[in-house]
Amino acid sequence: TKWVYTFGDGSAEGRAGDKSLLGGKGANLAEMCNLGLPVPPGFTITTEACNWYYANGKTYPDDLREQVEAALGHIARITGRRFGDPERLLLVSVRSGARASMPGMMDTVLNLGLNDVTVEALARDSGDERFAYDSYRRFIQMYSNVVLGLDHEMFEEILEEEKARMGYELDTEFSAGDWRVVVDSYKARIEEELPDGFPQQPEEQLWGAIGAVFSSWMNARAITYRRLHDIPESWGTAVNVQAMVFGNMGDTSATGVAFTRNPSTGEKALYGEFLVNAQGEDVVAGIRTPQNITERARIDAGSDKPSLQKLMPQVFSDFVGICERLEKHYRDMQDVEFTIERGKLWMLQTRSGKRTARAALKIAVDMANEELISQEEAVARIDPASLDQLLHPTIDPKAKRDVIGVGLPASPGAATGEIVFTSEEAEDARQSGRKVILVRVETSPEDIHGMHAAEGILTTRGGMTSHAAVVARGMGKPCVSGAGSLRVDYRSETLIAAGRTLKKGDIITIDGGNGQVLAGAVDMLQPELSGDFAAIMEWADKARRMKVRANAETPADARMARSFGAEGIGLCRTEHMFFEGDRIIAMREMILAADEKGRRAALAKLLPMQRSDFVELFEIMAGLPVTIRLLDPPLHEFLPKTEKEFEEVAHVLGVPAETLRHRSEALHEFNPMLGHRGCRLAVSYPEIAEMQARAIFEAAVQAGRDTGKPVVPEVMVPLVGLKTELDFVKARIDEVARNVMEETGETIEYLTGTMIELPRAAVRAHVIAESAEFFSFGTNDLTQTTFGISRDDAAMFLETYRKKGMLEQDPFVSIDVDGVGELVRMATEKGRTTRPAIKLGICGEHGGDPASIRFCEEVGLDYVSCSPFRVPIARLAAAQAAV
Ligand code: PEP
Ligand code: MG
């Protein structure tokens with residue numbers, strides 16, 4: 001087997017495409033050699049050798065030694081230097097390099113090959129004894145830590161002691177002789193720990209380092225990193241051994257890192273930093289302030305330290321040329337490492353650079369316009385989830401954060417405002433022009449107006465699909481939910497964080513992007529929806545198959561949804577329309593009415609309000625499909641709670657408040673989520689469904705007349721498990737439709753369909769499809785009922801499952817493909833057997849989740865529907881899923 005691939009001097013055995021075998025670093029080093037760029041010669045031991053190592057009790061394949069020796073010979077031929085030969089000294093670096101970049105997770109050893117003899121050779125070769133001994137002590141320190149497993153602190157202590165003894169402040173004050181003393185102390189200290197002392201044989205050092213790199217694949221840091229980033233253990237790491245070049249050989253040497261474009265703004269301008277007379281670790285350590293590479297960046301940064309452009313103009317221009325070539329070759333922004341050894345430039349690494357969402361967008365669009373990549377590639381390069389950052393104000397990354405607590409990042413964006421604890425206060429504040437954050441233990445449908453009035457919402461209980469989270473996402477308001485470390489005390493009107501108490505009126509900021517709660521106001525960046533954003537969206541729309549609709553019920557949401565490119569409404573939750581203004585009183589009247597007659601009287605008051613809501617929605621959507629769902633939630637959500645509210649309804653109904661309280665108690669349910677809700681309400685009280693159907697059809701006629709664009713409403717029946725349920729409700733809908741057509745003399749086209757949100761509905765989809773003209777997957781309830789996990793209580797224990805590695809992600813956020821997804825797939829197939837042209841969509845929270853959208857494309861749904869702010873994300877994700 002070939003375990004070792006060499007590179008150097010304008011050619012290489014590997015290439016960029018060999019990442020799985022050579023790791024990212026190794027493959028790119030090979031590629032840079034093939035491009036003829038200056039790369040210190042070396043070789044890569046494959047990831048397969050790493051796997052062999054683990055499969056065989058941490059031993060090496062027989063032929064590996066031979067191949068490594070041959071590869072060292074290859075370096076010798078190119079450099080004229082020989083590993084372990086003091087006459088023609090060759091030192092090497094040994095670095096890990098997995099298929100995916102795992103920054104800082106695994107180990108590196110520099111200056112390998114130094115010992116008591118070769119250090120003298122290095123002093124002679126470099127003409128700098130101080131440099132040689134400094135390198136030697138660095139090597140001992142690094143090697144002892146990485147390979148011998150000795151504590152880093154041990155060496156720092158010795159260094160500090162020596163410094164104190166000699167009365168120095170800085171390492172730079174050490175002379176060659178001083179470093180010799182340090183080296184001796186290091187070696188003596190190692191001998192106390194390990195009888196064999198520090199290994200002097202370069203061969204032995206090399207194999208020690210190779211073993212350490214392989215072993216580091218299984219260190220705790222690397223394992224955690226892999227788990228967090230879904231990197232399989234089976235990938236293994238490669239080992240890169242390379243001739244050392246020194247950035248610390250005096251003032252004509254330097255080392256640095258650069259991005260070929262600005263990684264925070266995306267601007268097409270080389271951006272990077274370097275340090276004169278330094279080795280790579282010095283740049284990372286952050287002890288000295290690095291200098292800018294370009295003059296322009298230096299001026300922008302207001303730095304008085306000379307740029308590389310000024311300091312070494314020839315090297316700079318070579319470097320710029322190389323960066324341009326690399327970018328053209330890789331067709332992406334690169335993140336490079338380089339070293340200058342006595343005026344000669346060496347490239348040590350290149351890879352695709354990490355970037356902010358803003359920069360990603362600009363770079364993708366610019367590169368497509370430069371014809372470096374196609375428009376489809378530009379679309380594929382944007383992480384849909386990252387658009388969240390662009391659609392909302394976000395906290396300026398440069399701002400200071402005074403974090404007082406952390407909850408779930410329930411709805412993206414950041415908001416600042418005064419603390420208020422009730423929705424009434426939120427509204428009052430809004431009216432007087434003040435900005436507030438609504439802080440609640442949890443929210444209920446009655447808080448909708450307060451949530452509307454607030455800049456953002458913070459709750460101390462509840463998960464990602466809690467009321468606060470769902471509604472806030474729908475409104476596009478930032479929300480942090482379930483911040484359990486904070487305590488709300490309504491009585492004293494305080495918010496208690498660890499060691500701090502904030503009062504009503506105090507300013508806080510919430511970051512819905514990461515769940516942080518901060519004290520005080522923080523600088524923000526505003527969203528930018530034109531330009532690059534618009535370009536990517538346009539290209540995405542050309543590439544996708546599925547339609548994207550929005551979940552919306554208010555005119556404001558519907559308009560917002562259209563401005564974000566929604567192609568209709570996939571879910572109008574009518575219950576949300578009953579909390580506004582005095583409708584809630586009529587609603588309560590209806591629920592608490594003694595009989596059908598009373599209910600009908602109350603419904604008659606609601607009818608015109610519903611109708612005008614629908615007219616407005618239909619007009620905004622002008623001919624686009626609108627799915628209206630009949631009343632879904634358990635009735636108790638609408639019940640009066642306070643004394644005043646009971647009095648109010650009692651007055652209207654003309655009965656004593658006491659009577660109402662009794663009726664209200666009778667409506668109590670032990671498990672409302674599985675109780676009297678959904679189509680069960682329509683079965684018990686058909687008059688509610690009839691009123692809603694009438695409002696829909698009358699509105700359709702009116703909106704059609706007003707706009708000249710006929711509306712085809714899609715009437716949706718929730719929580720169906722039995723075909724008989726759907727048939728019962730559908731019969732009422734059809735009858736109302738006939739009546740309205742007769743009364744108005746217009747024909748109304750409409751569809752009647754159902755949500756699939758119970759396992760039984762999925763299993764019986766072929767039967768339900770006999771009556772349903774469309775299915776919309778309500779994956780919130782379908783997840784709840786498939787797992788038997790309450791969506792309102794899940795957050796309390798799901799996080800524990802995640803931490804214990806029992807569940808990869810929250811199934812209420814990203815669809816559980818194996819379970820819930822299987823039901824969706826089954827219902828899709830069964831539905832189509834009965835009714836081939838059945839319209840299929842999804843309207844649970846998953847409709848805005850990129851991974852779930854990919855799944856929807858796979859099973860062939862016709863559309864996804866999500867909250868307005870997620871529409872762009874869904875458009876992009878649908879495009880990526882389609883190509
Ligand atoms: C669902 O259950 O997925 C759904 C969209 O309905 P709701 O969230 O209103 O129960
Ligand atoms: Mg539901």
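My entries follow in the order I made them.

**Entry: ground rules.** I am reading a predicted model, in which local features need pLDDT of at least 70, side-chain atom pairs count only at pLDDT 80 or more, and totals for chains, interfaces and linings use all residues. Residues are numbered from 1 along each chain as its sequence is written, while chains are lettered from A and ligands numbered from 1 in the order in which they are written.

**Entry: confidence.** I checked pLDDT, the predictor's confidence in each residue, from 0 to 100. The protein chain averages 92, and 99% of the residues score at least 70. For the model I noted ipTM 0.99 and pTM 0.81.

**Entry: α5 and α7.** My helices (H or I, at least four residues) and strands (E, at least two) are DSSP runs, numbered from the N terminus. Axes are lines fitted to C-alpha atoms, for helices over the stretch in contact, with angles from 0 to 180 degrees between N-to-C directions. I found α5 (residues 129-146) packed on α7 (residues 176-193) at about 20°, with the axes 8 Å apart. That makes α5 roughly parallel to α7 (under 35 degrees; over 145 is roughly antiparallel, 65 to 115 roughly perpendicular, the rest oblique). The crossing of α5 and α7 is left-handed, that is, the near helix is turned anticlockwise from the far one by less than a right angle (clockwise would be right-handed). Contact here means C-beta atoms, placed from the backbone, within 7 Å. Among the contact residues I marked Y133, R137 and I140 of α5 and W179, V183 and Y186 of α7. The contact of α5 with α7 divides into nine nonpolar, two polar and five charged residues. For these classes, Ala, Val, Leu, Ile, Met, Phe, Trp, Tyr, Cys and Pro count as nonpolar, Asp, Glu, Lys and Arg as charged, and the others, Gly among them, as polar.

**Entry: α22 and α23.** The axes of α22 (residues 583-592) and α23 (residues 596-621) come within 8 Å and cross at roughly 155°. That makes α22 roughly antiparallel to α23. Their crossing is left-handed. I listed R583, A586, M587, E589 and M590 of α22 against R599, A602, L603, K605, L606 and M609 of α23. This contact has seven nonpolar, no polar and four charged residues.

**Entry: ligand 1.** Which residues surround ligand 1? I read off L571, R573, D632, E757, G778, T779, N780, D781, C843 and G844, counting a residue as near if its C-beta atom, placed from the backbone, lies within 6 Å. β28 (569-573) and α31 (779-787) are the elements that give two or more residues to this shell. The largest share, three residues, comes from α31. By class I noted two nonpolar, four polar and four charged residues in the shell.

How values were computed
Two residues are in contact if their C-beta atoms, placed from the backbone, lie within 7 Å.
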